[in-house]
Structure formats: structure tokens, C-alpha cells
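I would like to walk you through one structure slowly, and please keep it in view while I speak.

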Amino acid sequence: MGNDSGSPQGPVTCGSWIRRPDNLNLVVLGKSRRGSSCPSLLEIFSFAPKTTSLSTSPLATYVLEAEEGDPIAIAVHPSGDDFVCALSNGSCKLFELYGRETNMKLLAKELAPLQGIGPQNCITFSVDGSKFAAGGLDGHLRIMEWPGMRMILDEPRAHKSVRDMDFSLGSEFLASTSTDGLARIWNIEDGVPLSTLSRNSDEKIELCRFSKDGTKPFLFCSVQKGDTSVIAVYDISTWNKIGHKKLIRKSASVMSISHDGKYLSLGSKDGDICVVEVKKMQIHHYSKRLHLGTKISSLEFCPRERVVLTTSVEWGALVTKLTVPKDWKEWQIYLVLLGLFLASAVAFYIFFENSDSFWNFPMGKDQPARPRFKPMLRDPQSYDDQNIWGPVDM
């Protein structure tokens, strides 16, 4: 799905996946105002995994008032029941989803602590949905409990201007980056700065994502040094850099990590996307000029499919199927377990049949060895052969 030059709707400014029950994946898109006749919109689309496409018409549409401005960023709660949208008028608004796919509606609610706080460059929920963070254009960083909205951290001078941020898997830390290249780590429980990531004077840390597979406690950051862009890896137990790798030629504009933590993706400022396997840091998918030379503004993995959603102002929203190894389905795992069980049973039977002392029972002096099992069905000829000597006198 992309913007049509003849469409009356404005350009796409942001987008995100919504994970709904019954394996349903939706997409919410924010569109900016175009002239006096086309207002700012929030639209919900369904996703068809077989065709890797979005529905041609929205399931639900919400028209923003002129004084609210345009959508800047969207953060969807992990439950899939609601999402927060940052608006250009300097406020954030909560939207709740009601109804089924055939009759879906959006209900807007005001968030008092997030009214009139200024434009927010990025907003995000923690993995478990218990925390919410907002990073402002003015460098103001806020972390609060959800849905109670109790303020955990309220730091007006966290950065010159917040560039990017991400919660760790266990919601223990928040990493944030600044437009001046600084990156900081915040302890969420205490609401205090914990560490500042090391960098050279000619380096700028721009984007950050925590590992999400639960086994590798890393923080991935895109680092720009002149015209060279690399991915640096930090150990979150010491916050020391343990390595780096160059993945894309152009500088990255956005970074995302899959829900299971297996893949990391980068979107460049000239429209490329690169997807790497976290375990080996090897490229598994590369789409060159997906957005034809335009900066990719948002990039996100689908919750249930190996598909990514990308948006740009010029080309709108695109969904791309990734050329990565297929994941094991649940029924395939059960089939393998069943096969292993049957193989173990056969091996046990063979071993049992060929070992008289398998059970290690004590044997008496005159006790014969355990007879072998006879087959239940025997060949009649074999049965006659066993009686070739005739009846035995008792």
C-alpha cells in the first residue's frame, strides 16, 4: 500500500502494527493534513498474510481536529487494545479499539499528564505494557506507570533533543539517544540516570534497541562516524562496547527488532532496509531503494509474521515479506517430539530383547535365563517344525 498521487488523503507520517486476538494483525497509520479539504487522519487497516498486503479501505477512521495538528508518532500497547498518538500540537492522545474487524471503532481519550508537553519525537511502551515513555523535541524525557500514569522519571534536561529510545526486555532499563550523539541508560525503578555510553569524539550514537530473545543481554546502537555507519553492541551488565559491524552503506534513519528477538532491522535515509540475524549478525534480507531514495520514517516487525511495515512521507506505507528462514510451526515441533518418542520406544524394545540382564534381577542357581519374547503370530510351518520329535512323555 502506498500513497497515490491522485489520493485526497495526506502523506503517511507514522505507522505501527496492532496485535489482536484470533491471530489478527492490523496496521494503524497516521496521515497529515493536506490543504483545507483533507484533514489529519488515523486509519486502521487489516493485513492479509497470504497476499502480504493491507486492505484497500480502512476498517476504522478517526478525523483529527485542526487544532490537534498532525500525527507524529504512534505507540501501540502490547495488549493491542489501545495506542497512544503524539500530535504536532504538543499533546498525546489515547485511542481505544472497539468492535470486531467488520465493525471497528476508535474512541479517543485525553491524557492529562501528556497535554501541552510539546512535540514528542518518540513514544514507546515497555514489553510488558506496564511502563510508558515519551521523549520530546526539547530533550524532556518522561517515564510513567501504565495505566496509572504515575510519574517515575521527569527529566527536562535529559538530552538536547531526544532522538530514539527503547525499554529493556525486563523493563529494568531505558536507553535513550540524543540528536547530538549522546546515549544514556536510565534505571527505571529508581528513575535516575545509570550510565552514559562511551563513544569517540567524532562518533554519534543515533538509534538504540535492546535484545529481546531473553538470552543475550545486549544493547544495539547505530553509530555514525563521518559517512560510515556501523552497529555497535554493548553488554548491559557493564555497558561496555564489545564489538561493531557495518551492515548498510548509508546512515540509518530507524531501527527495529522482532518480537522474538531473532532479527534486527535497519532502515536507511535513502530508502533501503536491511534485516540481520541477531545470533550471527549476518544479513538475511536486503531491499534496496524500497522507498526510492526517501528517508524511512518508521519500521516495525509484524507480531506474528516475518513481514515488516515501513513508512515514508513520499511513498506512504509498504509491507514487505522477508526472505529469512522459515520458523518452525507448533505442530511441526509436536511432530518431531512424537517421532523422538517413537524412536526411543523402538530403541528400548530392541535393547530389552537383546539383553537378559537388562532388569538386573537376581538369578538363582537353577533359574533359567529369561526366555525371549515369542511373536504373537507365527508361521504355521515354523510351528510344525518345533514338534518334529512328537509328543513328550510326562
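I will begin with the chain as a whole, then turn to one strand and its partners, then to the core, and finish with the cysteines.

Please keep in mind throughout that this is a predicted model. The chain contains two helices and 28 strands, and of its 394 residues, 47% are buried. Its accessible surface comes to about 21,100 Å², and carbon and sulfur atoms account for 55% of that area. If we take the contacts between residues at least 6 apart in sequence, 42% of them join residues at least 24 apart.

Let us now look at strand E2, which covers residues 24–31. How many of the residues of E2 are buried? Eight of its eight residues are, so that the strand is mostly covered. In general, the side chains of a regular strand alternate between the two faces of the sheet. In E2, Leu24, Leu26, Val28 and Gly30 point one way, while Asn25, Val27, Leu29 and Lys31 point the other way, and all of these are buried.

Next, the partners of this strand. E1 and E2 run antiparallel and are joined by eight bridges, and within that pairing Val27 of E2 is the bridge partner of Trp17. The hairpin that these two strands form has three residues between the strands, and there Asp22 takes a positive phi near 60°. E2 also pairs with E3, again in the antiparallel sense, over six bridges, with Leu29 standing opposite Glu43 in E3.

That brings us to the largest nonpolar core, which has 19 residues, and in which Ile18, Ile44, Ile74, Phe83, Phe95 and Leu106 touch the most other members. Among the elements that give two or more residues to this core are E1, E2 and E3, as well as E7 and E8. Take Ile44 as an example: leaving aside its neighbours within four places in sequence, Ile44 is in contact with residues including Ile18, Leu26, Val28, Phe83 and Leu106.

Finally, the cysteines. The structure holds zero disulfides. Cys122 is in no disulfide, and the nearest cysteine sulfur, which belongs to Cys208, is 8.1 Å away. Is Cys122 buried or exposed? Cys122 counts as buried, because its relative accessibility is 10%, and the cut-off for buried is under 20%. Cys38 is buried as well, with a relative accessible area of 7%.

Methods. Residues are numbered from 1 along each chain as its sequence is written. This is a predicted model: local features need pLDDT of at least 70, side-chain atom pairs count only at pLDDT 80 or more; totals for chains, interfaces and linings use all residues. Side-chain values use heavy atoms; hydrogens and water are left out. A nonpolar core is a set of buried Ala, Val, Leu, Ile, Met, Phe, Trp, Tyr and Cys residues joined through side-chain atoms within 4.5 Å. Buried means under 20% relative accessible area, exposed over 50%, partly exposed in between (1.4 Å probe, protein chains only). Helices (H or I, at least four residues) and strands (E, at least two) are DSSP runs, numbered from the N terminus. Contact means heavy atoms within 4.5 Å. Accessible areas come from the Shrake-Rupley method with a 1.4 Å probe; for residues, only the protein chains shown count as cover. A disulfide is a pair of cysteine sulfur atoms within 2.5 Å. Two strands pair if DSSP finds at least two bridges between them.
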